[in-house]
Amino acid sequence: MLFVPQLAFADVYIPLHEYLGYFDSNGIYTVVGNVKNTNNFGVVPTITVSVIDDSKTISKIINHVPLGPEKEIPFKIKFPELLSNTPILVNPEITFQKAITHEIPIQILYDKTLIKYNDGHITGRIQNTGDQTIFYPKIYAVVHGYENVLDITQNIEFIEKIEPGEILDFSMYPDPAITQDVFYYSCFAPVDTTVIPITAKKNDGNFDFRYDSGAWYSAAKFDESGTTLSIRGYNSYPLETYANFEFPPISGNEKFSVTLNDEPVDFIQSIDEMGFWHVAFTVGPTSQGTLKISGFDKGLPPEMPKIPQWIKTNADWWVNNQISDSEFLEGIDFLFEKQIASVPERDVIAESQWDVPSWVKISTEWWHEEKISDDEFLNIIENLVKRKIIVI
């Protein structure tokens with residue numbers, strides 16, 4: 001990992017005029033900023049945000065989403081534990097790692113539909129200009145006053161997916177504490193990875209999970225049994241938004257329940273292609289309180305396999321001629337879409353042109369029989385795709 005000092009000429013940096021703290025409409029100290037990457041390669045930044053509260057320094061680390069070359073993405077973080085009314089915001093620190101990033105083919109339509117209203121909010125439209133479906137996109141933007149940056153905001157709606165060529169509406173609201181001062185929005189940044197990682201102590205170990213939401217959550221902790229997770233939630237916006245929590249399975253048989261301030265919350269429980277649980281629900285406008293998610297098994301999750309089990313099952317079926325080449329390659333394509341596997345360049349072609357030699361079944365069978373590891377199988381696949389022996 002490379003350390004990059006917070007200087008104006010750094011390759012990855014946060015302009016200090018776009019880095020500030022304010023008290024939101026719930027009275028919570030909020031820090032916003034805008035990360036810029038001037039390199040010709042992608043990066044994954046890690047940002048340390050520190051605030052001096054009386055004589056105590058409180059620091060929080062943001063594991064940022066991947067940032068493409070010559071791109072910028074805003075961020076926001078809250079400090080509900082502050083006691084002082086006059087906190088001092090310390091200049092940020094940044095480290096970063098090089099990363100392979102892919103251009104997200106979502107464009108803001110700068111036309112007459114992009115409108116700022118008297119209450120400070122904005123509406124507009126986005127379009128998928130690529131040839132693949134994009135799941136869970138989100139749009140960030142910097143909110144400006146007449147002379148300075150005021151806030152960082154995002155689309156309030158949950159967008160499950162946007163198809164190639166599709167145009168969808170979006171709306172953004174600044175924090176109610178600064179609505180009267182909003183002049184314009186800038187730095188619209190589409191992203192497709194917006195989950196926030198959290199670690200909570202559970203049964204004498206660390207339980208890592210993630211969430212995606214228009215609200216903000218902090219102070220996660222489990223009860224002594226390790227079966228109920230409590231976390232503080234804050235939605236400062238005057239509209240409903242959403243929350244989607246992702247948990248690694250312990251037994252795979254968990255049945256969750258959700259309450260907010262001890263009142264039941266309607267939610268949807270599902271499991272994704274990687275085998276992770278999702279707990280999703282609506283978050284009310286300008287709400288805050290203690291969210292409790294119960295139904296966890298005791299103990300800690302087993303190590304998740306790098307490659308999802310369904311792909312291994314598909315591999316077995318393909319080796320035994322129970323599914324077609326294209327059905328097997330759907331799993332291989334999934335590995336590249338989720339960046340479980342990667343090559344420097346990969347042309348996207350129509351599914352009808354996908355091709356895989358039959359002799360690849362030999363190494364696939366070895367993998368299914370655990371004669372080679374997940375990493376060894378991934379190396380084989382990456383090499384075959386790179387050499388265009390497998391075409392997807």
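Hi everyone, let's start with Thr286, which is partly exposed because its relative accessible area is 46%, where buried means under 20%, exposed over 50% and partly exposed in between, with a 1.4 Å probe and protein chains only. Thr286 sits in the loop between β27 and β28 (287–294); strands here are DSSP runs of E of at least two residues, numbered from the N terminus. The phi of Thr286 is near 40°, a positive value in a residue other than glycine.

Before going on, a word on the model. It is a predicted one, so local features need pLDDT of at least 70 and side-chain atom pairs count only at pLDDT 80 or more, while totals for chains, interfaces and linings use all residues. Residues are numbered from 1 along each chain as its sequence is written, and side-chain values use heavy atoms, with hydrogens and water left out.

Asn203 also has a positive phi, about 50°, although it is not a glycine. Asn203 lies in the loop between β19 and β20, and it counts as partly exposed at 30% relative accessibility.

Now to Thr241, in strand β23 (residues 241–247). Is Thr241 buried or exposed? It counts as buried, at 5% relative accessibility. A polar atom of the Thr241 side chain lies 3.5 Å from the backbone oxygen of Ile156, and the backbone nitrogen of Gly214 lies 3.5 Å from a polar atom of that side chain. Leaving out residues up to four places away in sequence, Thr241 touches Ile156, Gly214, Ala215, Asn235, Phe281, Thr282 and Val283, with contact meaning heavy atoms within 4.5 Å.

On to the aromatics. Rings of Phe, Tyr and Trp (its six-membered ring) pair if their centres lie within 6.5 Å; planes under 30 degrees apart are stacked, over 60 edge-to-face, and the rest tilted. The count comes to 27 aromatic pairs. One of them is Tyr217 with Phe245, edge-to-face at 5.1 Å centre to centre and 75° between the planes. Tyr217 belongs to strand β21 and Phe245 to strand β23, so this pair ties together parts 28 residues apart in sequence. Both Tyr217 and Phe245 are buried.

Phe256 and Trp277 also pair edge-to-face, at 6.2 Å between centres and 85° between the planes. Here Phe256 is in the loop between β23 and β24 (257–260) and Trp277 in strand β27 (residues 277–283), which links distant parts of the chain, 21 residues apart. Phe256 and Trp277 are both buried.

Of its 37 lining residues, the closest to the centre are Lys76, Ile77, Ile196, Tyr211 and Trp216. Which strand gives the largest share of that lining? β7 does, with 6 residues. For the method: on a 1 Å grid over the protein atoms alone, a pocket is an open set of points with protein on both sides within 12 Å along at least five of seven lines, a cavity is a set where a 1.4 Å probe fits but cannot get out, and lining residues have an atom within 4 Å of a point. Grid points are joined across faces, edges and corners, and a volume is the space filled by probe spheres set on the points.

The structure holds 1 cavity of 30 Å³ or more, and the largest cavity has about 40 Å³ of space. Among the 10 residues lining it, Tyr136, Pro137, Ile159, Asp212 and Tyr242 are the closest to its centre. Thanks, everyone!

Definitions and conventions
Helices (H or I, at least four residues) and strands (E, at least two) are DSSP runs, numbered from the N terminus. A polar contact is a pair of N or O atoms within 3.5 Å; within protein, one must be able to donate a hydrogen and the other to accept it, and residues adjacent in sequence count only if both atoms are side-chain atoms.
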